[in-house]
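Student: I've got a new model open and want a quick tour. Start with contacts, please.

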Amino acid sequence: MKRLSTFLTERPRWMFGLVIAGIALLPVSVWLDLNSMSHHNLHRQATSLNALMDGFRGYYASNVAARVRAFDGTSTLSHDYHDIDGAIPIPATLSLEMGTVIADKQRGVEYRFVSDFPFKGRTAHVLNAFEQQALDAFRDPAETRSHILQESGNLLDHRISMATPVLMEPSCVSCHNSHPQSPKTDWQVGEVRGLQVVNVKQPIVMNLFSFKFLLTYLVISGTFGILFAMHQLRLANRFRRMNDELAENNEFLASISLKISKYLSPQVYRSIFSGEKDVAISTERKKLTVFFSDIKDFTAATEQMQPEELTALLNEYFTEMSQIAESHGGTIDKFIGDAIVAFFGDPTTRGTKEDARACVRMALEMQQRLSELETVWRDKGLEHPFRARMGINTGYCNVGNFGSDARMDYTIIGAEANLAARLESIAEPGGIVMSYETYAHVRDMIEGEPLEPQRVKGISREITPYKVLNKAIIDDAVTAHTDGERLVVDMKGVDEATRQEISAAINATLAARRPKPE
């Protein structure tokens with residue numbers, strides 16, 4: 001069965017061909033059965049008729065013709081013709097004795113000639129319930145049927161009985177009314193003397209085997225159907241197991257991919273799992289905007305902290321900065337101790353100018369968020385809240401997968417990437433320093449002050465750093481606190497009159513909350 005299932009699975013055209021052949025063979029099998037039934041019925045009818053005629057001819061030759069030839073006198077009709085020389089049987093006797101001949105020659109066929117008025121000296125006929133009811137019905141003047149049928153049988157055979165009336169003819173009336181042994185001498189023409197009953201019995205199995213071709217077809221089709229059902233069940237079980245395994249694998253892969261995503265920037269993660277980037281050692285040269293930041297005096301700020309507190313604080317810092325970087329489309333390269341390395345322009349880019357502007361907006365928002373967190377951290381007992389220095393540079397770098405076939409890292413290398421780190425080192429705590437290449441793309445959104453030209457290790461040209469003066473996002477936020485309460489108001493886009501109204505409302509609210517002197 002397994003071999004057959006495998007064979008049909010690997011050859012679906014065979015399955016299709018077998019189904020078409022099965023459908024085509026159905027009318028063929030029906031035609032063959034009808035042809036066979038016609039042949040057998042004709043053969044049976046011819047054989048039955050031949051046997052019946054042989055029996056009738058033999059009866060007539062021995063009981064009529066032979067007796068007439070052997071007698072020299074005048075022949076006569078008699079019911080007991082056997083006892084009278086030269087006598088021949090009357091029609092009733094002929095019918096009775098022919099019933100025996102028919103029963104012998106026709107298997108399953110019984111002929112009865114019965115009456116409730118037998119001649120004297122004859123054995124009375126025993127009528128069954130059907131014959132008695134039929135005789136009573138035919139003698140009813142209101143009865144118009146020429147015959148009465150009764151069907152019976154069981155699961156294995158079928159029986160049909162047909163009764164027709166035997167009516168008194170004029171010659172029969174004169175004979176019966178004058179015969180000394182007749183039990184009734186006042187017969188009238190047309191009266192019902194008895195019944196002629198034909199009983200035919202045929203086993204259903206015989207009819208069943210008349211459809212041998214159809215039965216053979218059904219057996220073969222049924223066998224094939226069972227095999228096909230078993231094959232489909234086998235495939236269904238196989239598919240179910242495969243679906244279960246696939247669901248488990250998908251769940252496992254989803255879990256793994258979720259875990260892996262924690263180690264990759266969202267852009268790199270999406271590009272790898274969408275198939276945009278291949279996991280192979282390969283790099284390409286692109287113009288990127290590189291961002292580098294670290295925390296000023298990190299060691300001094302955290303030396304009094306326990307490792308658990310330091311870990312929680314540093315993770316909070318990285319989480320806040322990572323969310324800001326992701327919101328601006330930055331790719332976080334790595335965390336180095338307390339430093340953050342990110343870049344714009346790969347794996348997705350919006351053009352060199354827009355990448356540079358997005359990077360600067362990100363740096364400004366990071367400094368604003370750090371300003372907000374400063375109060376929060378002080379409230380938690382941190383004496384020296386984190387203050388970050390940030391450096392930004394735009395230039396060509398090699399970006400891609402670096403490492404070995406077994407272990408690789410998606411990162412950037414090049415002098416321009418190192419320059420961002422150098423610019424960060426000259427920035428003030430809370431400040432942002434960028435190269436001219438970056439400043440040229442953002443000069444309309446910030447105010448920058450050029451610093452003294454410098455030569456940086458690894459860069460052959462002289463570099464002019466630009467210090468960000470107006471922190472567009474930071475300087476538009478006003479922070480105030482009193483009695484342990486803190487309020488931050490974003491003043492961006494607010495005119496002078498509105499600022500005065502806000503200031504008055506804030507002062508009034510704070511004054512109302514102060515405790516009154518006793």
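Predicted model: local features only at pLDDT ≥ 70, side-chain atom pairs only at ≥ 80, totals over all residues.

Student: Which residues is Tyr317 in contact with, leaving aside its neighbours within four places in sequence?
Tutor: Tyr317 is in contact with Ser293, Ile295, Asp338, Ile340, Leu370, Trp377, Phe386 and Ala388. Contact here means heavy atoms within 4.5 Å.

Student: How many helices and strands are in the protein?
Tutor: It has 14 helices and 18 strands. Both are DSSP runs, numbered from the N terminus: helices are H or I with at least four residues, strands are E with at least two.

Student: And what share of the residues is buried?
Tutor: Of the 518 residues, 33% are buried. Buried means under 20% relative accessible area, exposed means over 50%, and partly exposed is in between (1.4 Å probe, protein chains only).

Student: Which residues have the most contacts inside the largest nonpolar core?
Tutor: Phe291, Tyr317, Met434 and Ile446, in a core of 38 residues. A nonpolar core is a set of buried Ala, Val, Leu, Ile, Met, Phe, Trp, Tyr and Cys residues joined through side-chain atoms within 4.5 Å.

Student: Which elements give two or more residues to this core?
Tutor: β7 (283-295), α10 (307-327), β9 (339-344), α11 (352-379), β10 (388-403), β12 (432-434), α13 (436-442) and β16 (466-468). The largest share, ten residues, comes from α11.

Student: OK, helix α12. Which of its residues are buried?
Tutor: In α12 (residues 415-425), Glu416, Ala417, Leu419, Ala420, Ala421, Leu423 and Glu424 are buried.

Student: What do the buried residues of α12 pack against?
Tutor: They pack against β7, β10, β11 (408-413), β12 and β15 (462-463).

Student: Switching to charges. How many salt bridges does a search of the whole structure find?
Tutor: It finds 19. A salt bridge is a side-chain nitrogen of Lys or Arg within 4 Å of a carboxyl oxygen of Asp or Glu.

Student: Give me one that spans some sequence.
Tutor: Arg139 pairs with Asp116, with the closest N and O atoms 2.7 Å apart. Arg139 sits in the loop between α4 (129-138) and β4 (148-153), and Asp116 in the loop between β3 (109-115) and α4, so the bridge ties together parts that are 23 residues apart in sequence. Arg139 is partly exposed at 32% relative accessibility. Asp116 is partly exposed at 33%.

Student: And between helices?
Tutor: Glu320 and Arg369 form a salt bridge, closest N and O atoms 3.0 Å apart. Glu320 is in α10 and Arg369 in α11, so this pair links parts 49 residues apart in sequence. Glu320 counts as buried at 18% relative accessibility, while Arg369 is partly exposed at 27%.

Student: Now Asp333. Where is its place?
Tutor: Asp333 is in strand β8 (residues 331-336).

Student: Buried or exposed?
Tutor: Asp333 is buried, because its relative accessible area is 12%.

Student: What are its side-chain partners?
Tutor: Its side chain meets that of Lys334 in a salt bridge (2.9 Å, N to O). Lys334 is partly exposed at 26% relative accessibility. A polar contact of 2.7 Å also joins the side chains of Asp333 and Thr411. That term means N or O atoms within 3.5 Å; within protein, one must be able to donate a hydrogen and the other to accept it, and residues adjacent in sequence count only if both atoms are side-chain atoms.

Note on methods:
Residues numbered from 1 in each chain as written. Heavy atoms only, no water.
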